[in-house]
Amino acid sequence: MSEFKALIEAVTKGDISKAVAETQKAIDAGGFIQAIIDEGLIAAMDEVGDNFSKGTIFVPQMLRSAKTMQECMKLLEPLLKEGDTSSKGKVIIGTVKGDLHDIGKNLVAMMMEGAGFTVTDLGVDVSPEKFVQKAQEVEPDIVAISALLSTTMPAMPQTIEALQKAGIRDKVKVIIGGAPVTAKYAQEIKADSYGADAGSAVTEAKKLMGIS
Amino acid sequence: MTTKTAKRTRIVACGVFKPAIEHLRLANRYPNLRFTYLPPVLHITPQKLEQHLLRRITAAQRKDERIICLYGECIPDLSNVCQYQGVMKVPGHSCYEMLLGNERFEQFIDETAGTYFLEKDLIINFREYCIEPLELDDEEMRDCYFQHYRKLLYVRQPTDPDLISQAHDLADFLELSLSVSDADYSHLEKSLIRLI
Ligand code: B12
């Protein structure tokens, strides 16, 4: 049984005060900060993601759990920075042009951050040109692209093409996701990877970076 | 001499299209047509929508009916699902596009991504379809969902009752401006008749 059972339960229920108290308890007990995140918060959000996929919870509960994780991260982040945990890699993430759905993208960004990546969130309605401009500025290892609409999915290959035209396609790995996106589509548009949910987004990002 | 009765055609449609289909009097014009409508509330849970849709398609196939699917791309990859099932799908990504026609719809989405579309059924049932499942009575939640939106666009149909004041109430609730765009049924009629 996980030593973070109470924390996991509080995050899955979206109980902010209990989760914050449990996080503080784990810190005071001298636990490894990254372990509190990985085995507590991320494990909890994986469970939340599973419950969403199974249809046992809906979007608001997911949002509450995400908010709870964010509040816990506020306690953990300063300690992470104090410690010697170097970034697992740089990620820029955004929802494609024409699309304003950002709940899934925000979750992916939060989980990647929790897993140790340095994440720059470009927001929603991000044009291919903006992805390119930010990629040139930030020099990320990974460009993560989200789309929730069938009308905006074509902006994904357009973004990949823009990276290619700017001469930076081979300097970054592209990972895509969003409810209508599939692994097959990722292959078709020559993205490097695809993640079905926030948990697999992290796993895939780690694979792209060659870390397990 | 034997007379062969023409094969029956079934339109499996989202309930939002019922007034349009009745207005176009398709049942009178095409006696071999049959209709199945599914509840629009299924949109918020695409997996459930897919299960219901496939069940109706299978039922029609058992009766050896030709099938026309009158839905947007409301579940992932619906066009391919239809093709795989041997079902004809009316082209279009959403009911808004089918009502407005592709050109006008594209114009609206090119103008601003921050448009949230409304049609009759959504206005009347906004509480059941959105406020309750998304918990929009909670101001923080509302902001989280709609912070990037700029306007509501009510796609008004010829058969709609007067919904302007309800649409204004929604615009106030969501703190967005309201525009109205009239859609006749000419685009929908053309796309349907091509397949019938
Ligand atoms: C909530 C919601 C909204 C909210 C969005 C709030 C917000 N700020 O995001 C509101 C109500 C505002 C809204 C608006 C619209 N919506 Co909407 N919406 C939904 C709904 C119900 C849930 C989406 C969601 O947030 N899911 C929860 C998150 C956690 O899941 P997710 O987004 O899939 O993300 C996960 C994975 O996909 C993955 N992932 C996501 N991004 C990425 C990125 C990477 C890199 C990776 C690896 C993984 C990954 O990980 C995430 C976490 O696990 C869906 C239906 C559904 N149940 O899916 C419709 C849905 C997506 N919406 C739809 C539509 C049509 C619209 C509107 C056009 C409707 C309108 N009347 O105008 C507008 C869009 C306007 C615009 N320009 O964007 C359709 C899309 C259909 C289509 N043709 O493509 C859907 C499918 C509903 C339907 N069945 O018709 N919507």
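Q: What domains does the assignment give for chain A?
A: Domain 1 covers 5-79 and domain 2 covers 90-208. Such bounds come from an automatic or database domain assignment. This is a predicted model, where local features need pLDDT of at least 70, side-chain atom pairs count only at pLDDT 80 or more, and totals for chains, interfaces and linings use all residues. Residues are numbered from 1 along each chain as its sequence is written, chains are lettered from A and ligands numbered from 1 in the order in which they are written, and side-chain values use heavy atoms, with hydrogens and water left out.

Q: How far apart are the centres of those two domains of chain A?
A: Their C-alpha centres lie 24 Å apart. The contact takes 14 residues from domain 1 of chain A and eight residues from domain 2 of chain A. Contact means heavy atoms within 4.5 Å.

Q: And what about chain B, which domains are assigned there?
A: Domain 1 of chain B is 9-94 + 186-195, and domain 2 is 97-182. Over C-alpha atoms, 23 Å separate their centres. Domain 1 of chain B gives 19 residues to the contact, and domain 2 of chain B gives 14 residues.

Q: Where does A:His101 sit in the chain?
A: In the loop between β1 (90-95) and α5 (103-114) of chain A. Helices (H or I, at least four residues) and strands (E, at least two) are DSSP runs, numbered from the N terminus.

Q: How do α5(A) and α9(A) cross?
A: Helix α9 spans residues 198-208 of chain A, and its axis comes within 9 Å of the axis of α5(A), crossing at roughly 50 degrees. Axes are lines fitted to C-alpha atoms, for helices over the stretch in contact, and angles run from 0 to 180 degrees between N-to-C directions. α5(A) and α9(A) are therefore oblique to each other. Angles under 35 degrees count as roughly parallel, over 145 as roughly antiparallel, 65 to 115 as roughly perpendicular and the rest as oblique.

Q: Which residues make that contact?
A: On α5(A), A:Leu107, A:Val108, A:Met111 and A:Met112. On α9(A), A:Ala198, A:Gly199, A:Ala201, A:Val202 and A:Ala205. By class, the contact of α5(A) with α9(A) has eight nonpolar, one polar and no charged residues. Ala, Val, Leu, Ile, Met, Phe, Trp, Tyr, Cys and Pro count as nonpolar, Asp, Glu, Lys and Arg as charged, and the others, Gly among them, as polar.

Q: What angle do α1(A) and α3(A) make?
A: Roughly 40 degrees, with the axes of α1 (residues 5-13) and α3 (residues 33-54) of chain A coming within 9 Å. α1(A) and α3(A) are therefore oblique. Their contact residues divide into nine nonpolar, two polar and two charged.

Q: Back to chain B: how do α3(B) and α4(B) pack?
A: At about 20 degrees, with the axes of α3 (residues 46-62) and α4 (residues 78-85) 12 Å apart. α3(B) and α4(B) are therefore roughly parallel. B:Leu53 and B:Ile57 are among the α3(B) residues in contact with α4(B).
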